[in-house]
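This report considers selected local features and helix packing. The sequence and structure are shown first.

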Amino acid sequence: MIIKHAEKIASSEVLKTNFEGLGYVCSDAIATAVYLACQLQKPILVEGPPGVGKTELAKITSEYLSAPLIRMQCYEGLDESKALYEWKYGKQLLYTQLLKDQLGDVMRGAKGLDESVDRLHQFGDIFYSEEFLESRPLLQALRAEDGAVLLIDEIDKSDQEFEAFLLELLSDYQVSVPEIGTVKAKSKPIVFLTSNNTRELGDALKRRCLHLYIDFPTPALEAKIIAQQVPDMGDNLRQQLVDFVNELRQMALKKVPAVSETIDWARALLLLNVEQLDRQWVSDTLNLLLKFQDDIEVVEPELNQLLSGLKK
């Protein structure tokens, strides 16, 4: 896939410009990290607070490269049967019934126990074969003929055992299926792992990946993001919105607003025909920015002061 899309990933500047054309505004550091991950054929671990565009980065890369996006959402208790493969048990049961019906024909003419067992073993090999295998996200990504973008989302929510299970795939782009053997990638996928830092990831996983930390954007970059996502919003209101959100992020809140909340708030204000932030509009829509009532109760008494510093 790297060779096929070489012209699309000629440089980090090319990526940044074209990502922006598709609606994803990113920093030079983000574009450079994706460029290096593609060129070096290494997985990229994207960390940072929720809502800053980690998952969207994988999606936009898939869209830009016209490569299928294969997404695996991680959770506690995730194991290889859900992530790698499982057997088509219904089809195996039908095959067992067919074998039972034909058992007399299979054994006819067999001389002795050894020959009978050998004949049964031939059917056993078929029982655990490719045609009975149900591919899950990891195996699908390895089997994609022209490559794919594999998103392993919120890896920090999985168990350490599953994290260890991923190491073979992340280092060699292959996995081991006990009944079949080693399955190697037909075309190496571009692998994104995302983490919200709910737990510390192991050194072995981090060594196999390029690292990218996406923090909350600077006010200038966030204004550019809002202009891209909510183009009908006026310059003055957009700047007030960005400055207000930036002030909230300096406060001791349970969850400060992320970029996704800023975009939702901007769209809501536009829908409400707001031309300038004032206490009433902010108070009525504060629940779009803050997801905990405790945070709202902390911010509301400070609204006059927060709004007084905004450019009119």
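## Basis of the description

A residue is called buried under 20% relative accessible area, exposed over 50% and partly exposed in between (1.4 Å probe, protein chains only). The model is predicted: local features need pLDDT of at least 70, side-chain atom pairs count only at pLDDT 80 or more, and totals for chains, interfaces and linings use all residues. Residues are numbered from 1 along each chain as its sequence is written, and side-chain values use heavy atoms, with hydrogens and water left out.

Helices (H or I, at least four residues) and strands (E, at least two) are DSSP runs, numbered from the N terminus.

## Two residues with positive phi

Asn273 lies in the loop that runs between helix 14 (259-271) and helix 15 (279-285). Its phi is near 60 degrees, a positive value in a residue other than glycine. Asn273 counts as exposed because its relative accessibility is 64%.

Tyr173, also not a glycine, has a positive phi of about 50 degrees. Tyr173 belongs to the loop between helix 10 (167-172) and strand 6 (174-177). With 4% relative accessibility, Tyr173 is classed as buried.

Glu154 sits in the loop between strand 5 (149-153) and helix 9 (160-165). Its relative accessibility is 17%, so Glu154 counts as buried.

Contact means heavy atoms within 4.5 Å. Apart from neighbours within four places in sequence, Glu154 is in contact with Gln73, Cys74, Thr194 and Asn196. The side chains of Glu154 and Gln73 make a polar contact (2.5 Å). Such a contact is a pair of N or O atoms within 3.5 Å; within protein, one must be able to donate a hydrogen and the other to accept it, and residues adjacent in sequence count only if both atoms are side-chain atoms.

## Helix packing

Axes are lines fitted to C-alpha atoms, for helices over the stretch in contact, and angles run from 0 to 180 degrees between N-to-C directions. Helix 1 (residues 12-21) packs with helix 2 (residues 28-40) at about 115 degrees, the axes being 8 Å apart. In this pair, Ser12, Leu15, Lys16 and Phe19 of helix 1 meet Asp28, Ala31, Thr32, Val34 and Tyr35 of helix 2.

Helix 12 (residues 219-229) and helix 14 have axes that come within 10 Å and cross at roughly 50 degrees. Helix 12 is therefore oblique to helix 14; angles under 35 degrees count as roughly parallel, over 145 as roughly antiparallel, 65 to 115 as roughly perpendicular and the rest as oblique. Here Glu222, Ile225, Ile226 and Gln229 of helix 12 meet Val259, Thr262, Ile263, Ala266 and Arg267 of helix 14.
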